[in-house]
Structures are given as structure tokens and as C-alpha cells.
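Please look at the sequence and the structure first.

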Amino acid sequence: MGRSQQTFSKTEKEKKRLKKREDKKKKMDARKADKEENGTSGIDFVYVDHMGNLVDTPPDPSKKVKVDAEEIVLGIPKKEDSDDDKFDPVRIGTVNFFDHSKGFGFIVDNENSEKYFCHVSGLIDEITEGNKVSFELEKGQRGMNAVKVKLEK
């Protein structure tokens, strides 16, 4: 004859499962009994007050705000041109390092003192270390690059 397939751990797991099921049933019965005893079944109606909150009491009509449908603007209003909105892409900086044999260098921005990479392909004028230059920024593979680099007069 073969051995029984029922092991000790299987019987323990089965006992735990049955106990859990019984506990769940007891809790459900207790909730039902409490509900019948107190007679509460939650909020029957839910109202929205003048601020948009959900409440169980009717809202006060004196706090109601009248909105004229003509005043509601749908969409985004057109942006008006002003001097503050105009952005000058040209920046001023100083050449910190430039290697002519390798064809690249770095420019330090005068406004925020950040270093930007500069390649020989982005040059308009010939530059050397210490020159004051004007340049524009362009997104590169590793960050912002200085392009359209010209000597500042």
C-alpha cells in the first residue's frame, strides 16, 4: 500500500484555512447584528454645499452664488506681447579653455557662471582662451552646447 498523501503541514494549513473562514463568518454576523440593533445604515442622502463639499444636511440657499454664463471664459486667453516676455537667446561669456588641435573647448557664461561645451563646428569666428564671445545654447547629447560663437567687440 502507498503512503498517505496527507502530511502534517497540509493538515495544519487546512486547519488554519477553516479557522480563518469561521472568524470571517463570525465578524460578518456580528456586523449584521450591530446593524439591526442600532438601525443605522449610513447616510441616506448626500448634499453638496456651496463650497463643493459633501454633507448630510441640505445646503443653505442664502450662501448660493449666482454665476453668469456669459462671464465664463472657455480656453486660454491670448497672450499679449510685452517687453518682459521677449527672450534674447544670445548670451555673453568668456572662453575658459579651447584646444585647437582637438577642436573643442568650454565657455563660461557671464550671467550664471556655468560652463558650456563648444565644438569647432559651432564657431563663426576663430577664438582663443580669454576671449569675450557671444553665443547661443543648443541641447546636445550630454547637456547644453554653445553654438554660433562669435567674438564680442
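## Strands at the pocket

Which strands each supply at least two residues of the lining of the largest pocket? They are E5 (115-119) and E7 (144-151), where strands (E, at least two residues), like helices (H or I, at least four), are DSSP runs numbered from the N terminus. E5 gives the largest share, three residues.

This is a predicted model, in which local features need pLDDT of at least 70 and side-chain atom pairs count only at pLDDT 80 or more, while totals for chains, interfaces and linings use all residues. Residues are numbered from 1 along each chain as its sequence is written, and side-chain values use heavy atoms, without hydrogens and water.

## The pocket

A pocket is an open set of points on a 1 Å grid over the protein atoms alone, where a 1.4 Å probe fits, with protein on both sides within 12 Å along at least five of seven lines; lining residues have an atom within 4 Å of a point. The largest pocket holds about 220 Å³ of space, the volume being that filled by probe spheres set on the points.

Its lining consists of Lys115, Tyr116, Phe117, Gly140, Gln141, Arg142, Gly143, Met144 and Asn145. By class, three are nonpolar, four polar and two charged, with Gly counted as polar and Tyr, Phe and Met as nonpolar.

## Strand pairing

Two strands pair if DSSP finds at least two bridges between them. E5 and E7 are parallel, with two bridges; cysteine 118 has alanine 146 in E7 as its bridge partner.

Strand E6 (residues 132-139) runs antiparallel to E7, joined by six bridges. Glutamate 138 is bridged to asparagine 145 in E7. The hairpin of E6 and E7 has four residues between the strands, and glycine 143 there takes a positive phi near 140°.
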